[in-house]
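Here are my notes on the side-chain contacts, as promised. Have the model open while you read, and go through the points in order.

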Amino acid sequence: MEQQRETWGGTIGFVLAAAGSAIGLGNIWKFPYITGMNGGGAFVIIYLICIFLLGTPLMLSEIAIGRKTQKNPYGAFKEISPAGSKFSRVLGILLLLQAVFMIYSGIDNLVDNGTNSGMIGFGVVSALAGALIIWKGVAMVGLFSILTGLAILSYYSVIGGWILEYVYLAFSRQMNFETVAQAKETFGNFITCPWKVVLLHLVFMVLCGAMLWGGIRKGVERWSKILMPLLLLLLIAVIIRGVTLPGAIDGVKFFLSPDFSKLSTGSILEALGHSFYSLSLGMGIMITYGSYMKKQENILRTSVFIIILDTIAALMAGLAIFPAVFAMGGQPTAGPSLIFQVLPVTFNHFPGGFGWFWAGLFFLMLTIAAFTSGASLLEMGVTFLIDQLKWSRKKAISVLFVIISLLGILSAISVTGWENIPWVKKAFDFCFSPEHVKGNFFDVLDYITSNWCLPLAGMMTAIFTGWLWTARKAARELREGDLTHLQDTNILLLLSGFRDEPFYSQMIRNGLTLMTFWAILIRFVAPIIILFVFLHSLGINLGF
Ligand code: PHE
């Protein structure tokens, strides 16, 4: 007999676990530094708009898909749209057309300018995806998101390992850098020391596996309930220390007062992409977590909580970092090195001699954030193997642990330079342009997954929910466990596709409602916006 699927113990457990996935390096490392590079407050406002217009509707869709089907992303897509449907053929053909276009323009560029624009590589991938979707159906999109997630985990855990090293450096009081140059040197020496990075990457992976070992309720939920409040407490402590430093107020101003003149199209697109990444959308994590949700839970309310927690965490991270950096005279626009180079120096200069302690707390908090996100990526793969291959949880965790650890080792050692893995470098050069293959294996993986795979999978999820599963049915799932009355006007009924839904025709037809608004966002706004981001990241500018 089929065993009953496990569920989260309660709303709080689910919200904290999902927030654990959402709040990660994206919030505490990337958000502050991209805000710093894009002019501060104005960027924050754009980001909030993106969360609202793009992040929220997609979060609702993913959780609804998961809870409806009670399956992993692959199984979920397959259940809603079996192979050979009209939709999958249309989607597949569109991808093939896109592939032809890309390969053509790639060859054209090669012949005219003698440079590889990267289009050939993307075209080939597109063609493969198209063919697979025509053959096997939309479920391939689910598989694609799972693979994306696992690829992300392989380098995410390498950074996780770096952070562990910084916790150690801080608490063992070896983080006494006087200048950024010193901090840079230590950082450089550390990340190019293969045995250290690989070992710490493995430690991080072991931690992720351990969190999942006990299952959903006794593993993920139990750990999240302890770790997430702890994360928040640590964050608050670091903020209080930071803003009470003399001169800190300039940092607060920089972070929160908007200066729109510093915004470019690039920053807007960056904000869009990041809103996605930050909420863990586009790779089926929320489908996976949603699949363990009870029917009587209210998806709308829980999603809003998750999104608020994620956004607050990002804003708090900014407040933990910028005031301190300004007070100690650091460089807020330093980019990715903000955390590993500018911050250690900042902490070291804290008056009173306890800088190492604050640095330790900060990196400990970052460890928790990275760890609960990493575990969610692993859980997606684990759920997939349990559902589809009927493996036991422990077997699934062990096998994935080995595969991803090996892949991560490639990222970890490629940091020293491609000399370590020349054959991978050759393959990338063959497929993509030098412009896309900047940096090492690690950067490339990050680039391809965040700028290419995530938007693509996210767009498909939006189209899939809005048009294939249909917003009507998705809305029914969303409203299960929620008894608020909705009101719709005629034009909104038409746009949302709810018109023939008996349930809705009963309702008073005036006033804008949340559900209709959601349906319009997911059917029209999200796919179009994501398409723009996607094309832009491929270097195709549509005249803006
Ligand atoms: N949301 C996480 C963050 O902000 C990153 C992440 C992306 C985690 C995708 C899991 C899946 O860092």
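1. Let's start with a quick one: is F357 buried, partly exposed or exposed? F357 is partly exposed, with a relative accessible area of 32%. Bear in mind throughout that this is a predicted model.

2. F357 has an aromatic partner in W356: the two rings sit edge-to-face, 6.1 Å centre to centre and with 80° between the planes. W356 is partly exposed too, at 24% relative accessible area.

3. On aromatic pairs in general, the count comes to 30. One of them is W162 with F187, again edge-to-face, with the centres 5.4 Å apart and the planes at 85°. That pair links distant parts of the chain, with W162 in helix α7 (residues 139-171) and F187 in helix α8 (residues 180-191), 25 residues apart. W162 is buried, with a relative accessible area of 5%, and F187 counts as buried as well, at 10%.

4. W162 and F187 also belong to a cluster linked by ring pairs. Its other members include W29, Y33, Y166, F190 and F340.

5. Two charged side chains lie over ring faces. K136 is over the face of W135, 4.8 Å from the ring centre. R523 does likewise with W467, at 4.0 Å.

6. Now the salt bridges, seven in total. D387 and R5 make one of them, at 3.1 Å from N to O. This pair also joins distant parts of the chain: D387 is in helix α16 (residues 355-389), R5 is in the segment before α1 (11-22), and 382 residues separate them. D387 counts as buried because its relative accessibility, 14%, is under 20%.

7. R393 and E379 form another salt bridge, their closest N and O atoms being 3.0 Å apart. R393 lies in helix α17 (residues 393-414) and E379 in helix α16, so this contact ties together parts that are 14 residues apart in sequence. Both R393 and E379 are buried.

8. E79 has a relative accessible area of 42%, and K71 has 28%. Separately, R67, K295 and E477 are linked in a network of salt bridges.

Key. Residues numbered from 1 in each chain as written. Predicted model: local features only at pLDDT ≥ 70, side-chain atom pairs only at ≥ 80, totals over all residues. Heavy atoms only, no water. Phe/Tyr/Trp six-rings, centres within 6.5 Å; stacked < 30°, edge-to-face > 60°. Helix = DSSP H or I, 4+ residues; strand = E, 2+ residues; numbered from the N terminus. Buried < 20%, exposed > 50% of the residue type's maximum accessible area, 1.4 Å probe, protein only. Lys NZ or Arg CZ within 6 Å of the ring centre and 35° of its normal. Salt bridge = Lys/Arg side-chain N within 4 Å of Asp/Glu carboxyl O.
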